[in-house]
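The exercises below are meant to be worked with the sequence and the 3D view open. Try each task before reading its solution.

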Amino acid sequence: MKRPANSFSCVLVTARFFDDKAASILRTAGLTVVTGGVAHDAVDAVITEDMHDALSRCSAWIMGMPPVTADLLARYPNLSVMARRGVGYDTIDVAAVQAHRRLLTITPGSNEATVADHAVGLMLAVGRRYFESHRRMQAGEHGVLVGTELSGKTVGLIGLGRIARLVARRLAGFDVRVIAHDPYLPDDVADLEGVQLASLETVLADSDFISLHAPLTDSTRHLIDQDALARMKPNAILINTARGELVDDGALLAALQRGRLGGAGLDVIGSERDASLEAITRELLTLPNVICTQHTGGSSREGLERANMRAAQCVVAALQGQPLPPDAIVVDGRSP
Ligand SMILES: NC(=O)C1=CN([C@@H]2O[C@H](COP(=O)(O)OP(=O)(O)OC[C@H]3O[C@@H](n4cnc5c(N)ncnc54)[C@H](OP(=O)(O)O)[C@@H]3O)[C@@H](O)[C@H]2O)C=CC1
Ligand SMILES: O=C(O)C(=O)CO
């Protein structure tokens with residue numbers, strides 16, 4: 001790791017796949033870029049000596065999804081700007097960011113299209129049994145598998161924010177009915193992309209495909225539990241590109257093993273951040289009607305490039321005292 005010239009011109013970047021174009025936005029603004037510490041993006045990460053050095057000196061940090069706690073903020077008082085390269089900020093103690101008078105930004109408008117593509121891709125992949133068919137071909141079998149088409153079905157979205165609306169826009173070409181549950185939508189929301197709003201009960205009971213697009217909060221943790229799974233149609237397909245913790249993986253496994261669900265497409269899974277769930281993940285991966293991807297829903301070249309640029313622009317604007325896009329600010333505790 002290169003040492004920064006001085007604390008106030010230094011930006012630590014631990015977000016993986018941070019590219020030269022984004023780095024040059026920082027350098028052009030006179031900032032020194034310190035890269036490294038990718039391991040810190042892992043949940044059980046340890047702050048290495050190099051990371052400690054950089055966090056002590058730098059005034060901004062462009063990050064993937066490390067845990068940011070009150071202790072960490074107290075330890076590194078120079079760190080005034082936390083720029084999350086991405087949109088979900090559930091690993092960050094937002095109240096502590098406010099209390100320690102720091103700024104937290106995200107990059108809305110960067111990876112929504114990528115995640116929406118992924119969610120629709122998983123609907124098709126699970127519904128039409130792509131991977132099972134692929135594995136059978138690998139085993140030299142030329143039999144035919146029967147899948148489910150999207151056409152004529154009801155797709156239920158839980159959370160109707162940026163990603164879900166793009167999912168709805170993509171589904172407009174598939175001749176489906178799209179319903180959504182989102183208790184926090186403002187009354188004056190302008191464009192619902194043809195989506196019919198519904199209660200959670202209706203979404204669970206009426207949907208052939210259910211796609212999760214709500215953030216991880218206290219009220220969404222294990223939103224899809226044993227009870228919710230029991231309310232779904234027996235052939236329903238669950239898609240999760242939001243956060244693994246929205247689903248009780250043990251209950252999901254049990255429902256799938258009992259044939260109580262049509263299948264699942266999971267880009268995110270509980271064991272990503274809770275090693276005690278690894279055995280359940282391994283069991284889920286043995287099921288023919290489950291497809292898992294490695295939290296790659298937001299990871300297209302284009303999405304990452306946009307997110308990197310936006311994170312860099314936020315840091316430059318914040319350090320230069322320029323205005324930031326309002327939707328990029330999660331919390332700004334810097335001003336009284
Ligand atoms: N797989 C991947 O790589 C990626 C995953 N994500 C995940 O997707 C999530 C959604 O992203 P995005 O669409 O951009 O976020 P948005 O904030 O635009 O949309 C989320 C919506 O869900 C609403 N919501 C909050 N709580 C509930 C609830 N209990 N039930 C239903 N809806 C609820 C939110 O309301 P309110 O605004 O009031 O909170 C908001 O309207 C992110 O939080 C992140 O966790 C995001 C990008 C990449
Ligand atoms: O943007 C997000 O929230 C992701 O999960 C991908 O980084």
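**Exercise 1. A helix and its surroundings**

Task: In this predicted model, list which residues of helix α5 are buried, then decide whether the helix is enclosed or open.

Solution. 
- Step 1. Apply the cut-off: a residue is buried when its relative accessible area is under 20%.
- Step 2. In α5 the buried residues are Glu 112, Thr 114, Val 115, Ala 116, His 118, Ala 119, Val 120, Leu 122, Met 123, Ala 125, Val 126 and Gly 127.
- Step 3. That makes 12 of the 16 residues of α5, so the helix is largely enclosed by the rest of the structure.
- Step 4. Check the length. Helix α5 covers residues 112-127, and at 1.5 Å a residue its 16 residues should span 22 Å.

**Exercise 2. Positive phi angles**

Task: Find where Arg 101, Glu 193 and Arg 129 lie, and state the phi of each residue.

Solution. 
- Step 1. Recall the background: most residues other than glycine have a negative phi.
- Step 2. Arg 101 has a positive phi, near 60°. It sits in the loop between α4 (94-99) and β5 (103-105). With 47% relative accessibility, Arg 101 is partly exposed.
- Step 3. Glu 193 is not a glycine either, yet its phi is positive at about 55°. This residue belongs to the loop between β7 (177-181) and β8 (196-197). Its relative accessibility of 21% puts Glu 193 in the partly exposed class.

**Exercise 3. Cysteines**

Task: Determine how many disulfides the whole structure holds, and which parts of the chain are tied together.

Solution. 
- Step 1. Search for cysteine sulfur pairs within 2.5 Å. The search of the whole structure returns one disulfide.
- Step 2. The partners are Cys 10 and Cys 58, with 1.9 Å between their sulfur atoms.
- Step 3. Cys 10 is in strand β1 (residues 10-13), while Cys 58 is in the loop between α2 (49-57) and β3 (60-63); the bond therefore ties together parts that are 48 residues apart in sequence.
- Step 4. Consider accessibility. Cys 10 is buried at 0%, and Cys 58 is buried at 0% as well.
- Step 5. Cys 314 takes part in no disulfide: the nearest cysteine sulfur belongs to Cys 58 and is 17 Å away. Cys 314 is buried, at 4% relative accessibility.
- Step 6. Cys 292, at 26% relative accessibility, is partly exposed.

**Exercise 4. The shell around ligand 1**

Task: Describe which residues surround ligand 1, which kinds they are, and how much of the ligand the protein covers.

Solution. 
- Step 1. Ligand 1 is surrounded by 24 residues, the closest being Arg 162, Ile 163, Asp 182, Asp 267 and Gly 298.
- Step 2. Sorted by kind, the shell has eight nonpolar, 12 polar and four charged residues.
- Step 3. Look for N or O pairs within 3.5 Å. A backbone N or O atom of Arg 162 is 2.9 Å from an oxygen atom of ligand 1. The side chain of Arg 243 places an N or O atom 3.3 Å from a ligand oxygen. For His 295, a side-chain N or O atom is 3.3 Å from an oxygen atom of ligand 1.
- Step 4. On its own, ligand 1 has 930 Å² of accessible area, and the protein covers 83% of that area.

Key
Residues numbered from 1 in each chain as written. Chains lettered and ligands numbered in written order. Predicted model: local features only at pLDDT ≥ 70, side-chain atom pairs only at ≥ 80, totals over all residues. Heavy atoms only, no water. Helix = DSSP H or I, 4+ residues; strand = E, 2+ residues; numbered from the N terminus. Buried < 20%, exposed > 50% of the residue type's maximum accessible area, 1.4 Å probe, protein only. Near = heavy atom within 4 Å. Polar contact = N/O pair within 3.5 Å; in protein donor to acceptor, adjacent residues only side chain to side chain. Areas by Shrake-Rupley, 256 points an atom, 1.4 Å probe, with all protein chains shown as cover. Nonpolar A, V, L, I, M, F, W, Y, C, P; charged D, E, K, R; others polar. Expected span 1.5 Å × (residues − 1).
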